[in-house]
Amino acid sequence: MVSTGTLPTAPSSRPAARPGAVIALLVVAAFVVILNETIMGVALPELMRELDIAAATAQWLTTAFLLTMAVVIPTTGFLIQRFPLRGLFFAAMGLFTLGTLIAAVAPGFGVLLLGRIVQASGTAIMIPLLFTTVLNVVPANRRGRMMGLISIVISVAPAVGPTVSGLILSVFPWRAMFIVMIPIALIAIALGARWVQNLTETRRVTLDVVSVVLSALAFGGLIFGLSSIGEAARGHALVPVWIPLVVGAVALAAFVVRQLRLGSTDRVLLNLGVFRHSSFTVAVILVVVAMTTLFGVLILLPLYLQNVLGLGTLPTGLMLLPGGLLMGLMAPLVGNLFDRFGARPLVLPGAVVASVALWGFATLSSTTPIAFVIAVHCVLSLGLAFMFTPLMTSALGSLPPALYPHGSAIVSTVQQLAGAIGTAVFVTLMTVGAAGAVANEGVSMVDATASGIHTAFFVAACLSLAVIVLAAFVRTAKQVDGVEGMPAH
């Protein structure tokens, strides 16, 4: 049942492109589509006024995006094995462009929500596609460098999303957020028509519909439930939070059982055999913690800057920009260092630096200087930059080639879960801390919010100590196609 045993040859009418050019295009395209994951946060107040909707309704523009990602990403392991790279690239960018166009011309909330869902469908395909392409065409001794570029997409694009939307909304109406994306997406599609070739192999596999349904209920339920915790704390939840969480947990248990039963057959949706590789398992756990921290900070810092320090939308977005840019600038350097020294010499110091930053955030109050907030955010970004690239590279590089699509899909899925967990946990801790301050001390709302944010960061700082311990178990030696090898010097 295996087809396409050799790489396809590009037709003579299309100029031959080196794999590096294809990967560069995939990185840029992925950056654009992932940017939209967090671009809506700053825009929600204006959308509520323009569309005359409540906060609980407006939040669906972000929640629906995450839900769609959670439903589609688990299927990408099947898609990447079954369909060629070129077709999947056009499907991903086509869906993203169509969704962006729908959102740009949306006459009301319903159509805007539809546009966000279509956007997310394309985004969900792009990231695993990028991972798998790199793993298949880049030699193991250069993967760190390439994964450094991917780290820019994974970590910096969500970080600069609020800044981009703040800049656009300070001058233009909300539709401009989508209009400016359309020509960029069209250019990517045009370049893809010239450059993207079928660099990966395909084979005939069967889609297990039951697994798809269970994964949709599992990951969709968990992300919806986690994303609703913050709204529930403010009394805006559409349904009791425990309902989607229970549905998600039960469906996840059933999904795991079914995947284990299907084993390594062609019908398996996500091959959980990847977790038999200890390097993959440890790295994925740390990626979850790092992404949880990143998204938690991205939700808390704007609240702190606006509700405690009294800053506006644009200054808030600009203050988050230095940290995001620093993370992006460091990613290629960290990738090169990984190629030389392996994972542990980078991940362990990175975990220590991130912990120091979180303890710094735990000191925030209503009188903290703005310069201190920016500096600590940059320190946190530096620590996370030393963790993301080595962790993702060692996780996926430790797998045999047959498991690349499944490993990529699992890493992408847990990143979405981590984003939802970070948002939910940090907002819940802040809400509980603020409520306790009001009840016990009778303080003002500004001081209560500052106290709640202090509580959230204090808990995160305590947990960061456990992360340092776990980082010590990351292997220094790199693994090449599932076989351990020592890093090149």
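Me: How many salt bridges are there?

Reply: Side chains of opposite charge can pair when their charged atoms come close. A salt bridge is counted when a side-chain nitrogen of Lys or Arg lies within 4 Å of a carboxyl oxygen of Asp or Glu. That rule gives two salt bridges here. The model is predicted, so local features need pLDDT of at least 70 and side-chain atom pairs count only at pLDDT 80 or more, whereas totals for chains, interfaces and linings use all residues. Residues are numbered from 1 along each chain as its sequence is written, and side-chain values use heavy atoms, with hydrogens and water left out.

Me: Which side chain meets Arg258 in a salt bridge?

Reply: Arg258 pairs with Asp208, at 2.7 Å from N to O.

Me: Is Asp208 buried or exposed?

Reply: Buried means under 20% relative accessible area, exposed over 50%, and partly exposed in between (1.4 Å probe, protein chains only). Asp208 has 3% relative accessibility and therefore counts as buried. Arg258, at 23%, is partly exposed.

Me: What does Arg267 form with Asp208?

Reply: Arg267 and Asp208 form a salt bridge, with their closest N and O atoms 2.9 Å apart. Arg267 is partly exposed, at 39% relative accessibility. Through shared partners, the salt bridges join Asp208, Arg258 and Arg267 into one network.
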